[in-house]
Amino acid sequence: MPLLFRCAAVAGCLLIGYSTVEGSMLYDASLNTSASAQGFTLGQNPPSGGASTATFNSDYTRIDSSGATGEQIGYFSLNPFAPAITHPGMLTVDAASGFTLNFNLMIEEESHVHGGRAGFSIIILDDNSKGMEIGFWDDEVFVYHDDTTGSLFTKGESAVFDTTTGMIDYELQVLGSSYQLKANGSKILTGAVRDYTAFSGPIDPYEYENFIFWGDDTGSASSISRLGSMEILASVPEPGTMMVLGGLLAGALARRRQ
Ligand SMILES: [Ca+2]
Ligand SMILES: [Ca+2]
């Protein structure tokens, strides 16, 4: 519900910096088409001949990199070889105004060569390349440090959490300089929004803007995962956002309808 209308229900409330919320479903397994058909780009390393697979049905996309830990496989919201090719449903998101990523995920199994990597990750970056990379083990969820909260891509805050019990609804909320991650409605992680741009490489996805990745992005871990859906919600600040309800609100509503 747009915050404007939620606020409007409270007589006499003061509108300070109100915003509307825009939502976009980026992947919906029930459509029974691949995530590629729905706008994501599948990336694999090696590009061909690997053992890892991505398959889909009407309940989830299943990514299996368990046969080759050194391989990487996952879905990008933009084509890493042609970043102008983006998921048509991706929104402009900004931590300052706030955004939420909802996803429905089960980890069937995960293994890692060392304790600093996860075989399944979700990356989301805003329009300033700020955001989060969240790693999923079978029994733990954690956020990777950037170069200011710790050593780059080492394990940051973490929660002991069983990711294998079924399809779990995760909600990642980012607002300002902090985030929180909920699993089936319960908060499991909170901390600082990260900036991973210190990373450098021939492909440097951490520089991307309005970017999402999900899958196995490391040569040091593997997983089998099921992703049922992914939705992005972005708060959009309205201009002229300080007014008292009354005639000013009526005017604002009239303008919004134009
Ligand atoms: Ca891997
Ligand atoms: Ca960089």
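Two residues are in contact if their C-beta atoms, placed from the backbone, lie within 7 Å. Among contacts in this protein between residues at least 6 apart in sequence, 66% join residues at least 24 apart.

The structure is a predicted model, in which local features need pLDDT of at least 70 and side-chain atom pairs count only at pLDDT 80 or more, while totals for chains, interfaces and linings use all residues. Residues are numbered from 1 along each chain as its sequence is written, and chains are lettered from A and ligands numbered from 1 in the order in which they are written.

**Overall composition**

The protein contains 2 helices and 20 strands; helices (H or I, at least four residues) and strands (E, at least two) are DSSP runs, numbered from the N terminus. A residue is buried if 20 or more other C-beta atoms lie within 10 Å of its own, exposed if 12 or fewer, and partly exposed in between. Of the 258 residues, 38% count as buried.

**The nonpolar core**

A nonpolar core is a set of buried Ala, Val, Leu, Ile, Met, Phe, Trp, Tyr and Cys residues joined through C-beta atoms within 7 Å. The largest such core has 51 residues, and Ile124 and Leu172 are those with the most contacts inside it. When residues up to four places away in sequence are left out, Leu172 touches Thr100, Leu101, Ile124, Met132, Tyr179 and Leu181.

**A hairpin**

Strand E7 (residues 78–79) and strand E8 (residues 82–86) run antiparallel and are joined by 2 bridges; two strands pair if DSSP finds at least two bridges between them. Asn79 has Ala82 in E8 as its bridge partner. The hairpin that joins E7 to E8 passes through 2 residues.

**Backbone features in loops**

| Residue | Backbone angle | Loop between |
|---|---|---|
| Pro46 | omega about 5 degrees, cis bond with Asn45 | E3 (41–45) and E4 (53–56) |
| Asn210 | phi about 50 degrees | E17 (194–195) and E18 (211–216) |

The peptide bond that joins Asn45 and Pro46 is cis.

Asn210 is buried, because 23 other C-beta atoms lie within 10 Å.
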